[in-house]
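Here is a quick tour for anyone meeting this chain for the first time. Take a look at the sequence and the fold, then read on.

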Amino acid sequence: MILNKALSNKLLPFCDIQLISPLSESEVYQYLEENLEAKKALRFNSKGKYRRAFEGELKGINFEIRRTINYQNSFLPKIIGTIRSSGPNTEIHLKMRLPKSRLLFLGVWFAMILLFLIPNLVSPPETEPLIILQLGPIAMLIFAYLLSTIAFQYEVSKAKRILEEIWHIETRN
């Protein structure tokens with residue numbers, strides 16, 4: 001691996017959340033199951049509403065889900081979770097990340113921009129109008145990074161809010 005885990009978690013769109021629900025472990029599991037439908041390759045829904053909030057699968061105390069939406073969103077996080085009893089409450093550990101195909105796309109995009117940028121940094125252009133050859137790729141890198149992280153965090157907050165509602169978790173501001 002090129003980056004160590006701590007650094008990659010800071011640079012890549014990733015979220016690690018610990019939720020505490022007042023429900024029992026079986027109730028948490030039941031409420032998730034009630035709001036979960038099987039993963040489908042293609043969705044056709046003319047009304048724009050789905051019966052269930054999430055799609056995916058439960059594997060014992062673990063689950064892999066994502067929010068059901070009626071539009072395409074490349075920054076929709078994959079949610080990997082574990083449900084575990086903790087005294088009178090239940091702990092739900094969530095890891096949210098982009099699907100590997102989206103990370104691969106972003107990696108290729110960044111690599112192509114860097115391949116264009118590096119030669120221009122090593123031997124800078126002689127004339128000032130060609131400075132755009134250096135600033136353009138830098139701006140594209142910043143834009144791509146901000147777009148992916150902001151859009152991802154927006155989707156994380158939506159998924160977290162829905163899960164908190166499902167599991168009767170009160171948030172404190």
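Is Glu55 buried or exposed? Glu55 is buried, with a relative accessible area of 2%. Here, buried means under 20% relative accessible area, exposed means over 50%, and partly exposed is in between (1.4 Å probe, protein chains only).

## Before we start

This is a predicted model, in which local features need pLDDT of at least 70 and side-chain atom pairs count only at pLDDT 80 or more, while totals for chains, interfaces and linings use all residues. Residues are numbered from 1 along each chain as its sequence is written, and side-chain values use heavy atoms, with hydrogens and water left out.

## The overall layout

The chain has 4 helices and 6 strands. Read from the N terminus, the elements go α-β-α-β-β-β-β-β-α-α. These helices (H or I, at least four residues) and strands (E, at least two) are DSSP runs, numbered from the N terminus.

Of the chain's 173 residues, 32% count as buried. Its accessible surface comes to about 11,400 Å², and 61% of that belongs to carbon and sulfur atoms; such areas come from the Shrake-Rupley method with a 1.4 Å probe, and for residues only the protein chains shown count as cover. As for contacts (heavy atoms within 4.5 Å), residues 24 or more positions apart account for 57% of those with a separation of 6 or more.

## The sheet

The 6 strands form an open sheet with mixed pairing, in the order β1-β6-β5-β4-β3-β2. At the edges are β1 and β2 (36–37), each pairing on one side only. Two strands pair if DSSP finds at least two bridges between them.

β1 and β6 pair in the antiparallel sense over 8 bridges. Leu19 has Ile92 of β6 as its bridge partner, and Asp16 stands opposite Lys95 in β6. In a regular strand the side chains alternate between the two faces of the sheet. In β1, the covered face holds Cys15, Ile17, Leu19 and Ser21, while Phe14, Asp16, Gln18 and Ile20 make up the uncovered one.

## The nonpolar core

In soluble globular proteins, nonpolar side chains tend to be buried together. A nonpolar core here is a set of buried Ala, Val, Leu, Ile, Met, Phe, Trp, Tyr and Cys residues joined through side-chain atoms within 4.5 Å. The largest one has 27 residues, and those with the most contacts inside it are Phe54, Phe63, Ile79, Leu94, Met96, Leu163 and Trp167. Elements giving two or more residues to this core are β1 (14–21), α2 (25–34), β4 (62–67), β5 (78–86), β6 (89–97) and α4. Of these, α4 gives the most, with 7 residues.

Which residues does Leu94 touch, not counting those up to four places away in sequence? They are Cys15, Asp16, Ile17, Leu19, Phe63, Ile79, Ile80, Gly81 and Leu163.

## Salt bridges

A salt bridge is a side-chain nitrogen of Lys or Arg within 4 Å of a carboxyl oxygen of Asp or Glu. By this rule the count comes to 8. In one of them, the side chains of Arg66 and Glu55 meet at 2.6 Å, N to O. Arg66 lies in strand β4 and Glu55 in strand β3 (residues 54–59), so this pair ties together parts that are 11 residues apart in sequence. Arg66 counts as partly exposed, at 30% relative accessibility.

Another joins Glu155 to Arg67, with the closest N and O atoms 2.5 Å apart. This pair links distant parts of the chain, since Glu155 is in helix α4 and Arg67 in strand β4, 88 residues apart. Glu155 counts as buried at 3% relative accessibility, and Arg67 is buried too, at 9%.

Then there is Arg161 with Glu165, where the closest N and O atoms are 3.8 Å apart. Both lie in helix α4, 4 residues apart, about one turn of the helix. Arg161 is partly exposed at 45%, whereas Glu165 is exposed at 52%. Salt bridges that share partners also join Glu57, Lys59, Glu64 and Lys78 into one network.

Leu11, Leu12, Leu135, Ile138, Ile142, Tyr145, Leu146 and Ile150 make a nonpolar surface patch of about 700 Å². Patches are made of residues with over 30% relative accessible area and no salt bridge, with like charges joined within 9 Å and nonpolar side chains (Val, Leu, Ile, Met, Phe, Trp, Tyr) within 5 Å. Helix α4 (residues 132–166) gives the most to this patch, with 6 residues. Ile150 sits in helix α4 and is exposed, with a relative accessible area of 57%.
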